[in-house]
Amino acid sequence: MRFDEEKTERMDFFHRKQEPGKTEYLDDDTEDAGKPVIRLRDIVKKFYVGTENELEVLHGISLDVYPGEFTAIVGESGSGKSTLMNIIGLLDRPTLGSYEMMGQNVAKLKDDALSGIRNREIGFVFQTYNLIPRTTALKNVEMPMLYARIPQEERTRRAKELLEKVGMGDRMSHRPDELSGGQKQRVAIARAMANNPAVILADEPTGALDSETGRQVMDLFHRLHDEEGKTILLITHSKPLAEECGRILTLMDGRIVDERRGSRAHG
């Protein structure tokens, strides 16, 4: 059995009754609601704890993300969205509150365990791409699978498949400095999908791109969601981009102040 088929079987535990690209909003006590990929409860984040400069940035955030949802977390600079993204991405820990990913309490796990979950279950797409400069697009996409100890033949096969999927099949041997911004982001999206993660976490993925290229990248996210049912969390300050998502959470001063469906959501 190939590793992506095994991962699909494992994700069946979190199956939710919906068609790819169509999000259903169900109450927590509804039997068909299934199990969330991400469940945050009363998340508080403080810095400089115990000092006179103690600063609380997140004030009791609670949030569920279900398989197949395309959710935008939108907020202005200083709203706390970067801090929240770091906690969701297991790059930082909450000061208080609980965080479950795929049913596992991850808030108190040791660093090695968190690193393994990040590698397997979260696909990151950053504004600045974060590609390895001196290696090819193909090797960049293979990297998460290398850390996951996927055999080389399988790594290469899947990396080529993913680069073809994002329209970079003719640029596999190019290094990042030989690619445009939009091409780099396509490689980054392919890399994010390498281990077939439970969720793709995209932090301002179009922020460094011109409007036309940004549109192409956003269309790629929609295709992954609509056609493959990928679970995507988009962190953005752009309200127009957020309106394309099935669900919009507005963050202000460290609190979720609004939740609604995007006015231009697909499906």
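Mentor: Let's start with a pair of helices: H4 and H6 are roughly parallel to each other, because their crossing angle falls under 35 degrees. Keep in mind that this is a predicted model.

Trainee: Okay, at what angle do the axes of H4 and H6 cross, and how close do they come?
Mentor: They cross at roughly 30°, and the axes come within 8 Å. The crossing of H4 and H6 is right-handed.

Trainee: Which residues meet there, H4 to H6?
Mentor: From H4 you have Ala 137, Asn 140, Val 141 and Pro 144, and they meet Val 187, Ala 190 and Arg 191 in H6. Sorted by type, the residues of that contact are five nonpolar, one polar and one charged.

Trainee: And what about H6 and H7, how do their axes sit?
Mentor: H6 covers residues 181-192 and H7 covers residues 211-228; their axes come within 10 Å and cross at roughly 20°. That makes H6 roughly parallel to H7. H6 passes H7 in a right-handed crossing.

Trainee: Which residues of H6 and H7 meet?
Mentor: On the H6 side, Gly 182, Gln 185, Arg 186 and Ile 189; on the H7 side, Thr 213, Gln 216, Val 217, Leu 220, Phe 221 and Leu 224. The residues of this contact divide into five nonpolar, four polar and one charged.

Trainee: What is Gln 185 in contact with, leaving aside neighbours within four places in sequence?
Mentor: Val 125, Phe 126, Gln 127, Tyr 129, Pro 205, Leu 209 and Val 217. Take Tyr 129: it is 56 residues from Gln 185 along the chain, yet their C-alpha atoms are separated by 5.8 Å.

Trainee: Let's zoom out. How many helices and strands does the chain have?
Mentor: Eight helices and ten strands. There are 267 residues in the chain, and buried ones make up 51% of them. Looking at contacts with a separation of 6 or more, 68% are between residues 24 or more positions apart.

Trainee: Now the core. Which residues touch the most other members of the largest nonpolar core?
Mentor: Leu 163, Val 187, Ile 189 and Phe 221, out of 39 residues in that core. Among the elements giving two or more residues to this core are strand E3 (70-74), helix H4 (137-147), helix H5 (152-165) and strand E8 (232-236). Apart from this core lies another one of 32 residues, including Val 65, Met 85, Ile 87 and Leu 114. As background, nonpolar side chains in soluble globular proteins tend to be buried together.

Trainee: Switching topic: how many residues of helix H2 are buried?
Mentor: Six of the eight, so H2 (residues 81-88) is largely enclosed by the rest of the structure. The buried residues of H2 are Lys 81, Thr 83, Leu 84, Met 85, Ile 87 and Ile 88.

Trainee: What about phi of Asn 130?
Mentor: Phi of Asn 130 is near 60°, a positive value in a residue other than glycine. Asn 130 is in the loop between strand E6 (122-126) and H4. At 41% relative accessibility, Asn 130 counts as partly exposed.

How values were computed:
Residues numbered from 1 in each chain as written. Predicted model: local features only at pLDDT ≥ 70, side-chain atom pairs only at ≥ 80, totals over all residues. Heavy atoms only, no water. Axes fitted to C-alpha atoms, helices over the stretch in contact; angles between N-to-C directions. Helix = DSSP H or I, 4+ residues; strand = E, 2+ residues; numbered from the N terminus. Parallel < 35°, antiparallel > 145°, perpendicular 65-115°, else oblique. Left-handed = near helix turned anticlockwise from the far one by under 90°. Contact = heavy atoms within 4.5 Å. Nonpolar A, V, L, I, M, F, W, Y, C, P; charged D, E, K, R; others polar. Core = buried A, V, L, I, M, F, W, Y, C linked by side-chain atoms within 4.5 Å. Buried < 20%, exposed > 50% of the residue type's maximum accessible area, 1.4 Å probe, protein only.
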